[in-house]
Amino acid sequence: MKLNKEWHLAHKMPANPTTEQRIVWHIEHAKHCQCRAIPARLKAEIEKQNIKTK
Ligand SMILES: [Zn+2]
């Protein structure tokens, strides 16, 4: 597992993120860091909303 520390320091998750904020964060995160995968529940939401992840 690769952790992009600099990206994490520059992209903190908001304190009380909305689903939309979490989706945006995770999509960006997946592009820059592989320390954790997008949670299954969020992935389902991304598919439901037809959001491009790549
Ligand atoms: Zn990460």
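Biologist: How many helices and how many strands are there in the protein chain?

Modeller: The protein chain has three helices and zero strands, where helices (H or I, at least four residues) and strands (E, at least two) are DSSP runs, numbered from the N terminus. From the N terminus on, the order of elements is α-α-α. The model is a predicted one, in which local features need pLDDT of at least 70 and side-chain atom pairs count only at pLDDT 80 or more, while totals for chains, interfaces and linings use all residues. Residues are numbered from 1 along each chain as its sequence is written.

Biologist: What radius of gyration does the protein chain have, and what would a compact globule have with 54 residues?

Modeller: The radius of gyration, taken over C-alpha atoms, is set against a globule rule of 2.2 Å times the number of residues to the power 0.38. For 54 residues a compact globule would have a value near 10 Å, and the protein chain has 11 Å, so the two agree. The C-alpha trace spans about 30 × 25 × 15 Å along its principal axes.

Biologist: Why is Asn4 called partly exposed?

Modeller: A residue is buried if 20 or more other C-beta atoms, placed from the backbone, lie within 10 Å of its own, exposed if 12 or fewer, and partly exposed in between. Asn4 has 15 other C-beta atoms within 10 Å, and therefore counts as partly exposed. Asn4 is placed in the segment before helix H1 (5-10), and, leaving aside residues up to four places away in sequence, Asn4 touches His32 and Cys33. Its C-alpha atom is separated by 23 Å from that of Asn16, 12 residues apart along the chain.

Biologist: What makes Lys31 and Gln34 count as exposed?

Modeller: Lys31, in helix H2, has 12 C-beta neighbours inside 10 Å and so counts as exposed. Gln34, in the loop between H2 and H3, also has 12 C-beta neighbours inside 10 Å and is therefore exposed.

Biologist: Why is H2 called roughly perpendicular to H3?

Modeller: Two packed helices are described by the angle between their axes and the distance between the axes. The axes of helix H2 (residues 19-32) and H3 come within 10 Å and cross at roughly 95 degrees, which means that H2 is roughly perpendicular to H3 (65 to 115 degrees by the definition).

Biologist: Which residues of H2 and H3 meet?

Modeller: From H2, Thr19, Arg22, Ile23 and His26 meet Leu42, Glu45 and Ile46 of H3, a contact requiring C-beta atoms, placed from the backbone, within 7 Å. The residues of this contact divide into three nonpolar, two polar and two charged.

Biologist: What phi does Asn50 take, and is Asn50 buried or exposed?

Modeller: Asn50 lies in the segment after H3, and its phi is near 60 degrees, a positive value in a residue other than glycine. With 6 C-beta neighbours inside 10 Å, Asn50 therefore counts as exposed.

Technical notes. Axes fitted to C-alpha atoms, helices over the stretch in contact; angles between N-to-C directions. Parallel < 35°, antiparallel > 145°, perpendicular 65-115°, else oblique. Contact = placed C-beta atoms within 7 Å. Nonpolar A, V, L, I, M, F, W, Y, C, P; charged D, E, K, R; others polar.
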